[in-house]
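Let's take a friendly walk through one protein model, with its pockets and its packed helices as our stops. Please keep the structure open while you read.

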Amino acid sequence: MVNNPQRDEKALDYDNLFELFSSLKSIQTPAELHGQLTGYLCSGKRFQPDTWLQVAQKMMDIDALTDEAKVTLINLYDHVITKLEDQSFGFQPLLPDEAESLTAQARAIGSWSQSFLAGFGLGGAIQSSLSEEIIGILRDFAQIAQLETELEDSDSNESDLTEIIEYVRMAALLVYTEFNKTSDQKQTQSNPPKKKH
């Protein structure tokens, strides 16, 4: 993707994206699209710009993308890769802000996790090649995807939800690291340094 120095980060916040999705009459949420894109990138695969726009349009289940939507979606793609590769672990799942009810936030992280699994599957990772740790993460995501219960707004529930979101954030980064190793990293793993006697 092309780095866009004029990228408007505000346009990539949840509320602005939600407005864009609504204007396009998409039944999908920004959390779902972000989760699916993240899962695909975490599998080690990449889209060319035109292909990404076609895939995004299909994910959003809409007839056509406006010019504004195309620019925003290209920026979103660049943004997600940049954050996944951020050495300071700046990546965050794209979710409604804390002004929303805990129930809305919980459903969003559930939808994000379900969509991550769909995107990761689209990337074509072979089940037999997955480590136990990665399999465990994918199972956890499948459980988190079931978060549909009504949550009372309480400090305890808020704390629990914050922990879940943080787990998902760090788990996604771990999956990304596992499937996006550089050739140097892979070489080091396959040829570990010999022990000195």
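How do the residues of the lining of the largest pocket divide into nonpolar, polar and charged? They divide into eleven nonpolar, six polar and eleven charged. Here Ala, Val, Leu, Ile, Met, Phe, Trp, Tyr, Cys and Pro count as nonpolar, Asp, Glu, Lys and Arg as charged, and the others, Gly among them, as polar.

Before going on, note that this is a predicted model, where local features need pLDDT of at least 70, side-chain atom pairs count only at pLDDT 80 or more, and totals for chains, interfaces and linings use all residues. Residues are numbered from 1 along each chain as its sequence is written, and side-chain values use heavy atoms, with hydrogens and water left out.

**The pockets**

A pocket is an open set of points on a 1 Å grid over the protein atoms alone, where a 1.4 Å probe fits and protein lies on both sides within 12 Å along at least five of seven lines; lining residues have an atom within 4 Å of a point. A volume is the space filled by probe spheres set on the points, which are joined across faces, edges and corners.

The largest pocket has a volume of about 600 Å³. Of its 28 lining residues, Gln92, Pro93, Leu95, Pro96 and Asp97 lie nearest the centre. Helices H1 (14–23), H4 (67–84), H5 (102–122) and H7 (155–179) each supply at least two lining residues, and H7 gives the largest share, six residues. Helices are DSSP runs (H or I, at least four residues), numbered from the N terminus.

The second largest pocket holds about 230 Å³ of space. Eleven residues line this pocket, and Leu84, Glu85, Gln87, Tyr176 and Thr177 are the closest to its centre. H7 again provides the largest share of the lining, here three residues.

**The packed helices**

Two packed helices are described by the angle between their axes and the distance between the axes. Axes are lines fitted to C-alpha atoms, for helices over the stretch in contact, and angles run from 0 to 180 degrees between N-to-C directions.

| Helix pair | Angle | Axis distance |
|---|---|---|
| H5 and H6 (residues 132–144) | about 140° | 8 Å |
| H5 and H7 | about 15° | 10 Å |

The angle of about 15° makes H5 roughly parallel to H7 (under 35 degrees).

Contact means heavy atoms within 4.5 Å. Where H5 meets H6, the residues include Trp112 and Phe116 in H5 and Leu138 and Phe141 in H6. That contact has nine nonpolar, two polar and no charged residues. Where H5 meets H7, Leu102 and Ile109 in H5 are among the residues involved, as are Leu161 and Val168 in H7. By class, this contact has twelve nonpolar, three polar and one charged residues.

Conventions
Parallel < 35°, antiparallel > 145°, perpendicular 65-115°, else oblique.
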